[in-house]
Amino acid sequence: MCGLVPLARRRGGSSRVVAQSKAMQAVLKRAARFAGSDAPVAVLGETGTGKEVVARVLHESSARARAPFVAVNVAALPAELLESELFGHGKGAFTGAATARQGLFEAAHKGTLFLDEIAEMPLPFQAKLLRALQDGEVRRVGESTSFAVDVRVTCATHRDLAARVRDGSFREDLYYRLKVLTLEVPPLRARQDDILPLARELLAEERARARRFTPAAERRLLAHAWPGNVRELKNVVKHGAALAESIDVRDEDLPEDLARAPQSAAPRAPADAATLRSLAEVEREHLLRVLDACGGAQSEAARVLGLSRTTLWRKLRVIEAAGAPPLSPLARSSAR
Ligand SMILES: Nc1ncnc2c1ncn2[C@@H]1O[C@H](COP(=O)(O)OP(=O)(O)OP(=O)(O)O)[C@@H](O)[C@H]1O
Ligand SMILES: [Mg+2]
């Protein structure tokens, strides 16, 4: 499967889906297999991994592609608005309902309705959604007749939906109804092969001018753990593009709090066991080198090393206690 899947351009979103890693290709392959069915699909994964992107790919590769993909963030709607947003309302259904209005189920007719942040759906509304899914019919608020809608429902959450069922905040019957088919989008740290292609694609989308990452910047991107996944990467790329002074986005153009990348590996000479040093020795030397490079500033050195200030302080105390060779005067003066 190709690593880049074209996708209809949408407001604020990427036009292409990067999938160079085996893990992401497996997800898209599975989505393609689900495209032929109308069964509900639950897209699961950490925040920012690309769940909505995957839901759109599923829609685009299904026979429903010509009809709308309607996405609604369930968590963003107050409980009392959810019913009229999804099912619509009749004229005069409530104060302010001067005209009848179609709901998002109707808007998605023949297409796909994507219920984002499904775990946040208020319990009383869950029963109404379940009924609509079971009957394939919706009834506008304030009206007495129901009508059929042809909608494929997909949903997403970064929460543990099974745990929600256990703690009673999510209906078990709805849970089983929604997760007939599931797609798990892996975190970015589990798909290293996607990091640079994604970063380059996102940089190209910045479009201000053609830009590229320097090898040091790329090493730093690869070294980061990406707890915020692709969304975090997108913000880092924006930061880099904004600060770059030339075609090159350099290491120093990336946000300060992104972990420092290891230095590029020097060509290795064949090792002789007798001359190899212990890990403690290598650590000690590296700590001192970084501390010197930071002019003795422990907080800066701790940041570069990816350690807490306290951990660095403890390590320095151990080094000092071990005696020789002594810390550099600068490091010593700031080690307290
Ligand atoms: N594989 C990908 N290729 C290109 N862009 C991607 C990819 N995955 C995610 N993105 C981009 O990253 C951002 C986050 O993706 P998305 O909104 O789909 O994540 P999410 O899992 O739904 O996040 P959340 O849990 O916060 O709702 C979006 O701007 C999206 O366009
Ligand atoms: Mg989302």
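These legends walk through several close-up views of one predicted model. Residues are numbered from 1 along each chain as its sequence is written, while chains are lettered from A and ligands numbered from 1 in the order in which they are written. Because the model is predicted, local features need pLDDT of at least 70 and side-chain atom pairs count only at pLDDT 80 or more, whereas totals for chains, interfaces and linings use all residues.

View 1. Let us start with an open sheet of five strands, paired in parallel in the order 4-7-10-3-11. At its edges sit strand 4 (69-73) and strand 11, each of which pairs on one side only. Neighbouring strands here are turned against each other by 20° on average, direction ignored. Two strands pair if DSSP finds at least two bridges between them. Axes are lines fitted to C-alpha atoms, for helices over the stretch in contact, and angles run from 0 to 180 degrees between N-to-C directions.

View 2. Strand 10 (residues 152-157) is largely enclosed by the rest of the structure, because six of its six residues are buried. Here, buried means 20 or more other C-beta atoms within 10 Å of the residue's own, exposed means 12 or fewer, and partly exposed lies in between, with C-beta atoms placed from the backbone. R152, T154 and A156 point one way from the strand, while V153, C155 and T157 point the other way. Strand 7 (residues 112-116) runs parallel to strand 10 and is joined to it by five bridges. Follow that pairing residue by residue and you will find T112 bridged to R152 and F114 opposite T154. Strand 3 (residues 41-44) also pairs with strand 10 in the parallel sense, over four bridges. In that pairing, T154 is the bridge partner of V41.

View 3. V43 has L183 of strand 11 as its bridge partner.

**View 4. Helix 2 between the sheet and helix 1.** Helix 2 (residues 51-60) lies across strand 3, strand 4, strand 7, strand 10 and strand 11, and runs at about 165° to strand 10. Helix 2 also meets helix 1 (residues 22-34): the two axes come within 8 Å and cross at roughly 40°. That angle makes helix 1 oblique to helix 2, since angles under 35 degrees count as roughly parallel, over 145 as roughly antiparallel, 65 to 115 as roughly perpendicular and the rest as oblique. The crossing is right-handed, a label used if the near helix is turned clockwise from the far one by less than a right angle, with anticlockwise giving left-handed. V27, L28, A31 and F34 of helix 1 make the contact with V54, V57 and L58 of helix 2; residues are in contact if their C-beta atoms, placed from the backbone, lie within 7 Å. By class, this contact has seven nonpolar, no polar and no charged residues. Ala, Val, Leu, Ile, Met, Phe, Trp, Tyr, Cys and Pro count as nonpolar, Asp, Glu, Lys and Arg as charged, and the others, Gly among them, as polar.

**View 5. Helix 8 against helix 10.** Helix 8 (residues 192-206) packs on helix 10 at an angle of about 50°, with the axes 9 Å apart. Helix 8 is therefore oblique to helix 10, and their crossing is right-handed. Helix 8 brings L198, A199, L202, L203 and E206 to the contact, and helix 10 brings V230, L233, K234, V237, K238 and A241. These residues divide into eight nonpolar, no polar and three charged.

**View 6. Two residues with positive phi.** Most residues other than glycine have a negative phi. N229, though not a glycine, has a positive phi of about 55°. N229 belongs to helix 10 (residues 229-243) and is buried, with 23 other C-beta atoms within 10 Å. K110 has a phi near 75°, also positive in a non-glycine residue. K110 lies in the loop between helix 4 (104-107) and strand 7, and is partly exposed, with 13 other C-beta atoms within 10 Å.

**View 7. R303 in helix 12.** R303 is found in helix 12 (residues 298-305). R303 counts as partly exposed because 19 C-beta neighbours lie inside 10 Å. Its C-alpha atom is separated by 9.4 Å from that of L258, 45 residues apart along the chain.

Note on methods:
Contact = placed C-beta atoms within 7 Å.
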